[in-house]
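Me: Please take a close look at the aromatic rings in this model. I would like the pairs described one by one, with the geometry given.

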Amino acid sequence: VLIIKHKDKLSPDYVPENLPHREEKIKELGFIFKDLLAGDAKDSERVVILGRTGTGKTATVRLFGKNFEDIAEREYGVKVKYVHINCYRHRTLYLISQEIANALKLPIPSRGLSAQEVFKMIHEYLDRRNIHLIVALDEFGHFLNTANTEEIYFLVRLYDEISAIIKRISYIFIVNESHSIYKLDRSIRDHIARRLIEFPPYKSMELYDILKYRVDEAFNDNAVDDEVLQFISNTYGYDKGGNGNARIAIETLSLAGEIAEKEGSPVVLLDHAKKANSTINPEIQEIIDSLSYLDLHQLILLKALIRALNKTKADEITMGTLEEEYISLSREFNEEPRRHTQVYEYLRKLKVIGIINTRQSGKGMRGRTTLVSLSLPLDKRLDDYIMQQIMVRL
Ligand code: ADP
């Protein structure tokens with residue numbers, strides 16, 4: 001029996017026409033950008049969106065961008081173009097400039113232009129056509145982690161080299177709370193975070209409304225029992241001790257639907273939701289998300305730990321063994337291994353994220369030594385993901 005009518009409407013990339021409990025945030029964004037509608041198009045705005053994973057940052061900003069473009073054109077006859085860029089995929093100034101050019105369908109000469117030159121072309125183009133551009137830089141933490149200070153300054157326009165035409169681009173910086181922008185240099189921070197909109201984790205009642213709306217869009221009529229929605233929203237509701245993550249709530253709903261279909265049930269029942277819930281582990285998901293913020297050598301160290309654990313078939317290894325493995329793995333990647341003290345620092349960081357555990361050896365070992373273990377079950381998916389993260393940094 002098919003009970004899911006539109007599977008695509010359950011996918012994480014889908015942006016619904018309405019976002020329950022984020023209407024106020026969309027209004028706030030509209031207020032910040034309202035001067036653009038006057039048609040002068042020369043007031044550059046910058047706003048930071050801050051919140052944890054799954055609080056609707058991406059969906060809200062996308063929906064705002066699309067609506068704002070339409071309204072500007074239709075009701076004010078003003079040309080506003082909205083571009084959404086994921087800095088996880090495009091983490092350098094150069095790639096960001098290319099993405100903007102692509103979105104504007106601006107042909108770029110194939111001879112190697114610098115990012116700065118591409119930006120100049122973009123500005124000229126916008127000026128010629130009297131367009132104001134709103135660029136949303138999603139997962140902006142990745143750019144901040146990768147870029148050097150000069151590039152960050154360039155992007156946020158502390159050095160107004162091309163100031164006459166500068167005001168044609170506004171930015172929405174989307175930042176995950178786990179990557180605090182407060183670590184940034186003060187002068188940059190003040191410049192970026194003039195305006196800040198925070199996205200709090202969802203409460204259970206809010207998740208209930210979000211799920212309900214999604215059920216109406218994606219499932220057949222009466223195909224989902226109300227208990228299912230209550231169970232999922234109570235499990236993840238921030239006020240009930242959950243993480244307030246709508247993405248995981250929707251994923252659980254979607255999986256519950258698939259389980260019900262597989263079992264031939266015409267309705268998704270509480271039991272299906274419970275089964276779905278037990279296979280989705282939000283803590284592990286959060287840890288995996290945070291891996292993307294690690295540096296190359298932190299990741300190599302983690303990979304070395306996995307390899308050493310696999311080799312020895314033990315649950316934990318000594319710091320000495322880990323360091324040997326780390327050194328040889330670094331060489332395999334043609335990377336100079338970092339010093340002992342630095343490695344200790346990396347280890348501490350991995351512990352903070354929650355992906356490893358360390359303890360001091362007790363009796364039975366000569367001297368005292370640090371023992372290191374992985375706090376997640378060793379599985380291939382995790383291993384592949386770490387490898388993929390290493391590759392993008394090499
Ligand atoms: P973030 O960018 O904060 O990690 P997303 O915007 O990617 O979060 O949201 C995660 C998922 O939850 C997406 O599938 C999104 O459509 C959905 N979602 C988040 N907030 C809402 C909401 N208020 N109403 C409906 N769906 C939502």
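This is a predicted model: local features need pLDDT of at least 70, side-chain atom pairs count only at pLDDT 80 or more; totals for chains, interfaces and linings use all residues.

Reply: Residues are numbered from 1 along each chain as its sequence is written, and side-chain values use heavy atoms, with hydrogens and water left out.

A pair of aromatic rings is described by the distance of the centres and the angle of the planes. Rings of Phe, Tyr and Trp (its six-membered ring) pair if their centres lie within 6.5 Å; planes under 30 degrees apart count as stacked, over 60 as edge-to-face and the rest as tilted. The structure holds 7 aromatic pairs.

One of them joins Phe-119 and Phe-154: the ring centres are 5.4 Å apart and the planes stand at 65°, so the pair is edge-to-face. This pair links distant parts of the chain, with Phe-119 in helix α4 (residues 115–129) and Phe-154 in helix α6 (residues 149–156), 35 residues apart. Helices (H or I, at least four residues) and strands (E, at least two) are DSSP runs, numbered from the N terminus. Phe-119 is buried, its relative accessible area being 0%, and Phe-154 also counts as buried, at 5% relative accessibility. Buried means under 20% relative accessible area, exposed over 50%, and partly exposed in between (1.4 Å probe, protein chains only).

Phe-140 and Phe-173 form a tilted aromatic pair, 4.6 Å centre to centre with 40° between the planes. Here too distant parts of the chain are linked: Phe-140 belongs to helix α5 (residues 140–146) and Phe-173 to strand β4 (residues 169–176), 33 residues apart. Phe-140 counts as buried at 0% relative accessibility, and Phe-173 is buried with a relative accessible area of 0%. Both rings belong to one aromatic cluster, formed by Phe-140, Phe-143, Tyr-171 and Phe-173.

Two lysines are placed over phenylalanine rings. A charge sits over a ring if NZ of Lys or CZ of Arg is within 6 Å of the ring centre and within 35 degrees of the ring normal. The charged end of Lys-25 sits over the ring of Phe-199, 5.7 Å from the ring centre. Lys-34 lies over the face of Phe-31, at 4.3 Å from the centre of that ring.
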